[in-house]
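I opened this entry to keep track of what I looked up, one topic at a time.

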Amino acid sequence: MNYDTFIDQVSQRTRAPSERSVELTRAVLETFAERLTGGEVLDLAAQMPKPLQLVLKPSPRTEQADRFGAAEFVARVALRADVEEPVARDAVRAVFTTLREAITGGEFDDVVTQLPRDYRQLVEPAMAPGATLRRG
């Protein structure tokens with residue numbers, strides 16, 4: 001999936017303008033880079049469009065995953081994107097769903113297995129039948 005398609009799908013899922021969807025996507029991916037191990041961040045980045053790969057660069061301090069729950073994940077996204085938490089939660093779900101379409105199933109499973117059970121309500125919409133965007 002190319003960059004424009006990724007952002008377009010996040011935009012359609014969040015009903016946000018394209019520019020806002022770029023900010024939301026960056027906020028979610030930057031938070032992912034903190035939450036996943038450095039090796040998993042690199043694996044994920046390898047399957048992403050070039051502009052999003054740059055967002056997912058791990059730093060030496062991120063080799064170990066920063067362990068935080070779903071509520072903290074959403075709070076960090078909200079802070080980064082300067083939005084309210086319900087908007088951030090919708091953005092996280094939209095990016096998860098778009099990620100599921102953009103990367104291999106095995107890589108998506110690898111990402112999901114690094115997340116604790118309390119992330120289920122954020123991840124499950126991406127795994128539900130019909131989660132893929134329908135073109136009308």
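**Overall**

I am working with a predicted model. I started with the secondary structure and found 8 helices and 0 strands. Read along the sequence, the pattern is α-α-α-α-α-α-α-α. I then looked up burial. The protein has 136 residues, and 46% of them count as buried. I also checked how far along the chain the contacts reach. Among contacts with a separation of 6 or more, 73% join residues 24 or more positions apart.

**The core**

Which residues have the most contacts inside the largest nonpolar core? I noted Phe32, Met48, Leu56, Phe96 and Leu99. That core has 42 residues. H6 gives the most, with 8 residues.

I followed Phe32 further. I left aside its neighbours within four places in sequence. Phe32 is then in contact with Val41, Leu56, Phe73, Phe96, Leu99, Val111 and Leu115.

**H2 against H6**

I turned to the helix that carries Phe32, and to its contact with H6. The axes of H2 and H6 come within 9 Å and cross at roughly 80°. The two helices are therefore roughly perpendicular to each other. From H2, the contact takes Leu24, Thr25, Val28, Leu29 and Phe32. From H6, it takes Ala91, Val92, Val95, Phe96 and Leu99. By class I noted 9 nonpolar residues, 1 polar and no charged ones.

**H6 against H8**

I stayed with H6 and looked at its crossing with H8. Their axes come within 8 Å and cross at roughly 40°. That angle makes H6 oblique to H8. H6 passes H8 in a right-handed crossing. On the H6 side I wrote down Arg89, Val92, Arg93, Phe96, Thr97 and Arg100. They meet Gln121, Leu122, Val123, Pro125, Ala126 and Met127 in H8. The classes here are 7 nonpolar, 2 polar and 3 charged. Val92 and Phe96 of H6 are in this list, and both are also in the contact with H2.

**H3 against H7**

How do H3 and H7 run relative to each other, parallel or antiparallel? The axes of H3 (residues 38-46) and H7 (residues 105-113) come within 10 Å and cross at roughly 150°. H3 and H7 are therefore roughly antiparallel. H3 passes H7 in a left-handed crossing. Glu40, Asp43 and Leu44 make the contact from H3, and Glu107, Asp110 and Val111 from H7. I counted the classes as 2 nonpolar, no polar and 4 charged.

**Positive phi**

Most residues other than glycine have a negative phi. Arg15 has a positive phi of about 60°, although it is not a glycine. I placed Arg15 in the loop between H1 and H2. Arg15 counts as exposed because its relative accessibility is 75%, and the cut-off for exposed is over 50%.

Asp82 is another case, with a positive phi near 55° in a residue other than glycine. Asp82 lies in the loop between H5 and H6. Asp82 is also exposed, with a relative accessible area of 68%.

**Pairs apart in sequence**

I then looked at two pairs by C-alpha distance. Leu42 lies in helix H3. Is Leu42 buried or partly exposed? Leu42 is partly exposed, with a relative accessible area of 48%. Leu42 and Gln53 are 11 residues apart in sequence, and their C-alpha atoms are 8.5 Å apart in space.

Pro51 counts as partly exposed at 34% relative accessibility. Pro51 and Asn2 are 49 residues apart along the chain. Their C-alpha atoms are separated by 9.5 Å.

Methods
Residues are numbered from 1 along each chain as its sequence is written. This is a predicted model: local features need pLDDT of at least 70, side-chain atom pairs count only at pLDDT 80 or more; totals for chains, interfaces and linings use all residues. Side-chain values use heavy atoms; hydrogens and water are left out. Axes are lines fitted to C-alpha atoms, for helices over the stretch in contact, and angles run from 0 to 180 degrees between N-to-C directions. Helices (H or I, at least four residues) and strands (E, at least two) are DSSP runs, numbered from the N terminus. Angles under 35 degrees count as roughly parallel, over 145 as roughly antiparallel, 65 to 115 as roughly perpendicular and the rest as oblique. A crossing is left-handed if the near helix is turned anticlockwise from the far one by less than a right angle, and right-handed if clockwise. Contact means heavy atoms within 4.5 Å. Ala, Val, Leu, Ile, Met, Phe, Trp, Tyr, Cys and Pro count as nonpolar, Asp, Glu, Lys and Arg as charged, and the others, Gly among them, as polar. A nonpolar core is a set of buried Ala, Val, Leu, Ile, Met, Phe, Trp, Tyr and Cys residues joined through side-chain atoms within 4.5 Å. Buried means under 20% relative accessible area, exposed over 50%, partly exposed in between (1.4 Å probe, protein chains only).
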